[in-house]
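Biologist: Thanks for sitting down with me. Could you walk me through a few spots in this fold?

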Amino acid sequence: MKAIVLKPGTTSIQLKDVEEPMIQKPTDVKMKVLSVGICGTDREEASGGRADAPQGESELVIGHEMCGQIVEVGSLVKDFKVGDYAVFTVRRGCGHCEACLADHYDMCYTGQYTERGIKGRHGYQAEFAVDDEKYLIKIPETIKDIAVLTEPTTVVEKAIEEACHIQTSRLPGHNKESWLQGKTALIAGLGPIGLLGAMVLALRGAKVIGIDIVDKDSSRPKILEELGGTYINAKETSLDNLLKQHPQIDLILEAAGIAKLDFDLFDILGMNGVYVLTGVPAEGKPLDVNGAHIMKQIVLKNQVVLGSVNASFDNFHSAVKDLESGLKKWPTTIPKIISHKIPFKEFEKVLSKHSPDEIKVIITWAA
Ligand code: BGC
């Protein structure tokens, strides 16, 4: 079968014939891959950055944001059948830490986890994929055309879930389900993660503000506004002005991965606020930041700063539910988050280049 294969640590990436995966255990499921999204992690890998081939191999099939349709099931598969739409999760546990033994691989303590398409395991940019049904999440047919957004949605589900969990365990009078009702949430960076975050936050009843540096008439601010959010162009409005308009920002969902901006945002986080970081900034020159000012504020305003990566099985289930609700509520808006669909033979067009009107680019493998 065809697959997009990278030599980790280099920029050598090509479409190659590799062995088609077969069902090996009675609990395995084989999927025809329909489409696979491309994100910052894939681009980092393709530019010679963070990526590891499986042990003993020198190449890695990339891709982790997949959706597919089942073509074969092992004899003991209980919950899936041929024809079902589904997505495989990304991370596999280390097998011995407390978190992984509890199937919470996203919280692995040892760092010895593997990730399909990223770290030590082949990914999904290929015609077929096989794995245990344990790692499979069913997709209702109604959202099959946007199911490739499931994995990026899980990233915001985890970030938001953890923020709500922490806030409701330390603040009086709230429960996790209702904490966001009427709260002000700021999203930094309106890429796919930011926009999916806007969808989830709006579904939970938050007042959503999105900040980016693109023209307000371009597609990403428009999508935010269709979801009921307010756009702030950081090139035109200073953070001081933003603070005047929105003096109590309860939650910041960071999805920009720009270290300078991320530090500046501390200045607008409100009393008892929570700041969740999901972006992975490229390492560069050290920054000059006013550390004492930031630390003093975190203490005097009872703030929480939290990093969040990957997602649990529960987050996958919430993502599917929210994509269903989101599509029902905004049937023409949510599909626009997938801005480009590129046939696999043309993958090179999008892996190293970023077009200005791009939101989520997906590689299509089958209809
Ligand atoms: C993926 C996560 C993964 C993380 C770190 C992100 O792009 O969405 O699933 O854990 O990269 O490798």
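Modeller: Happy to! A helix here is a DSSP run of H or I with at least four residues, numbered from the N terminus. Please keep in mind that this is a predicted model.

Biologist: Which helix holds F263, and is F263 buried, partly exposed or exposed?

Modeller: F263 has its place in residues 259-264, which form helix α7. Buried means under 20% relative accessible area and exposed over 50%. The value for F263 is 35%, so F263 counts as partly exposed.

Biologist: On to α5: how wide an arc do its buried residues cover around the axis?

Modeller: Helix α5 spans residues 219-226, and its buried residues are R220, P221, I223 and L224. They lie on the same side of α5, because the arc they cover is only 160°. An α-helix has 3.6 residues a turn, so residues three or four places apart point the same way. The arc asked for is 160°.

Biologist: Last one: which backbone oxygen does the side chain of T278 reach?

Modeller: T278 sits in the loop between β16 and α8, yet its relative accessibility is 13%, so T278 counts as buried. Its contacts beyond four places in sequence include L253, E254 and A255. At 2.7 Å, the side chain of T278 reaches the backbone oxygen of E254.

Terms used. Residues are numbered from 1 along each chain as its sequence is written. This is a predicted model: local features need pLDDT of at least 70, side-chain atom pairs count only at pLDDT 80 or more; totals for chains, interfaces and linings use all residues. Side-chain values use heavy atoms; hydrogens and water are left out. Helices (H or I, at least four residues) and strands (E, at least two) are DSSP runs, numbered from the N terminus. Buried means under 20% relative accessible area, exposed over 50%, partly exposed in between (1.4 Å probe, protein chains only). A polar contact is a pair of N or O atoms within 3.5 Å; within protein, one must be able to donate a hydrogen and the other to accept it, and residues adjacent in sequence count only if both atoms are side-chain atoms. Contact means heavy atoms within 4.5 Å. The arc is that of the directions from the helix axis to the C-beta atoms.
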